[in-house]
Amino acid sequence: MSLPTIEELASQLEAVSGAAEVSPDAPLQHIADVDSLDLMEWLYGFQTNYPHIPADESLFADLDDTTTLRDVYAKIVELVPAQA
């Protein structure tokens with residue numbers, strides 16, 4: 001299974017949180033209807049859908065007022081195992 005697109009991840013976070021829109025460039029802590037429990041639920045879904053990517057709660061370890069889904073996506077890209 002390949003790496004999901006950032007748009008797919010935004011859609012998944014919308015579905016989990018009930019947010020009307022999750023822009024990849026919007027600070028996560030400022031998106032209405034998205035809270036830390038939503039992020040953990042989203043992460044659980046991510047881990048289930050993409051078990052080959054070793055993502056865990058450390059994705060959000062340095063979450064601050066400026067952290068966006070694009071920042072989290074960059075961390076995920078770094079976690080993808082290299083193709084043999």
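Predicted model: local features only at pLDDT ≥ 70, side-chain atom pairs only at ≥ 80, totals over all residues.
Residues are numbered from 1 along each chain as its sequence is written, and side-chain values use heavy atoms, with hydrogens and water left out. Local features need pLDDT of at least 70 and side-chain atom pairs count only at pLDDT 80 or more, whereas totals for chains, interfaces and linings use all residues.

Helices are DSSP runs (H or I, at least four residues), numbered from the N terminus. The axes of α1 (residues 6–17) and α2 (residues 36–49) come within 9 Å and cross at roughly 125°; axes are lines fitted to C-alpha atoms over the stretch in contact, with angles from 0 to 180 degrees between N-to-C directions. The two helices α1 and α2 are therefore oblique to each other, a class left over once angles under 35 degrees (roughly parallel), over 145 (roughly antiparallel) and 65 to 115 (roughly perpendicular) are assigned. Residues L9, Q12, L13, V16 and S17 of α1 meet D38, L39, E41, W42 and F46 of α2, contact being defined as heavy atoms within 4.5 Å.

In helix α3 (residues 69–79), L69, V72, Y73 and I76 are buried (under 20% relative accessible area, with exposed over 50% and partly exposed in between, for a 1.4 Å probe and protein chains only). Viewed down the axis of α3, the buried residues fall within an arc of 100°, so they line one face of the helix; the arc is that of the directions from the helix axis to the C-beta atoms. The cover over these buried residues includes α1 and α2. A74 also lies in α3, but is partly exposed, with a relative accessible area of 38%.
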